[in-house]
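Hi,

Here is the structure I promised to pass on. Have a look at it first, and then read my notes below.

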Amino acid sequence: MEQADFKGRGVWDRAMFDDLGTVFKKRVGKINGQGNAALRLDLGAHTTMDRLTLALHGGTAPQRAEVSDDLQTWLPAAIHREQDGLTMQIPAGKPVHYIRMTPAPDDIAEVNGYVGQKRLDRSHWRASNLFGEYASDPATAAWSSSVTLPEAARGSYLCIALNGKHGVEGAYAAIRVAGRPVGAPDRAVSYLCNPWEYFVQQTDSNYTYFIPVTPDMVGKPLDVVALTLRNGHNDYKPEVWISSYPTPYESHTLELKPQ
């Protein structure tokens, strides 16, 4: 963060959680038809707070804010714009794990949470300003298949290939493990990001989503799901494969003894 070039580009979300001398910038405004990009905060755990404050460097400011503790139920939160910042009042008595604001501010110098006058620890807080709201581009079609893995080698992962044209950011894939949703932490081509040097290549076809296979997935029903968004196309066929890396070579020794 001390490098002048890196600091000036404002690509790291940690710039919001250190001091007023650094800024986290919005690199994009509208996300491929999904409307305005949203600011999302993950507080790392259920957190009790009275209010959240944002120090802004002008530009766009959020008009709407919501909080959640499970990513399923969202409650509205009141926001008040000040000359060089914004304050969000947390609904009383509600633990908070996730926060989202739309549209994402252009430049954020600092984010803080308070209980009374006590400022909360932010060492595990994370943020993203890359994606629009789901409501602006909901799913209009879905593919689904159920599988069960009787075993899995070390380093195994599922590859969910969307073969064909689905549009730029037009389709996403995930799984449910015995009903529990699990997302894909990696994808080819890569997810949108705030790049340090070169932009992320974008394409309208043939995404592949990668999901690591964990021990709790073996022997349980896995629902593999692909969703086509309203802004996307349904001209693709999903497939799911299992692979592993590095190659899980195993050796066994057979000792034969005379009778």
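Let me start with a charge over a ring: Arg187 lies over the face of Tyr207, with 4.1 Å to the ring centre. Keep in mind that this is a predicted model.

Ring pairs join Tyr207 with Tyr172, Tyr191 and Tyr209 in a cluster. Both Tyr207 and Tyr209 are buried.

Across the whole structure, the search turned up six aromatic pairs. One of them is Trp143 with Tyr236: the ring centres are 5.8 Å apart and the planes are at 45°, so this pair counts as tilted. It ties together distant parts of the chain, since Trp143 belongs to strand 11 (residues 139-148) and Tyr236 to strand 18, 93 residues apart. As for the pair Tyr207 and Tyr209, the centres are 6.3 Å apart and the planes stand at 75°, which makes it edge-to-face because the angle is over 60 degrees.

Four strands form an open sheet in the order 15-16-12-18, and the pairing is antiparallel. Strand 15 (186-188) and strand 18 (235-244) are at the edges; each has a single partner strand, so one side of each is left without a neighbour in the sheet. From one strand to the next, the twist averages 20°. Inside the sheet, strand 12 (residues 156-165) and strand 16 (residues 208-212) pair in the antiparallel sense over five bridges.

Thr22 is found between helix 1 (4-9) and strand 1 (24-25). Is Thr22 buried or exposed? With 4% relative accessibility it counts as buried, because the cut-off for that is under 20%. And what does the side chain of Thr22 reach? It gets to the backbone oxygen of Ala15 at 3.0 Å, and it also makes a polar contact with the side chain of Asp18 at 2.8 Å.

That's my list. Over to you!

Definitions and conventions: Residues are numbered from 1 along each chain as its sequence is written. This is a predicted model: local features need pLDDT of at least 70, side-chain atom pairs count only at pLDDT 80 or more; totals for chains, interfaces and linings use all residues. Side-chain values use heavy atoms; hydrogens and water are left out. Helices (H or I, at least four residues) and strands (E, at least two) are DSSP runs, numbered from the N terminus. Buried means under 20% relative accessible area, exposed over 50%, partly exposed in between (1.4 Å probe, protein chains only). A polar contact is a pair of N or O atoms within 3.5 Å; within protein, one must be able to donate a hydrogen and the other to accept it, and residues adjacent in sequence count only if both atoms are side-chain atoms. Two strands pair if DSSP finds at least two bridges between them. Axes are lines fitted to C-alpha atoms, for helices over the stretch in contact, and angles run from 0 to 180 degrees between N-to-C directions. Rings of Phe, Tyr and Trp (its six-membered ring) pair if their centres lie within 6.5 Å; planes under 30 degrees apart count as stacked, over 60 as edge-to-face and the rest as tilted. A charge sits over a ring if NZ of Lys or CZ of Arg is within 6 Å of the ring centre and within 35 degrees of the ring normal.
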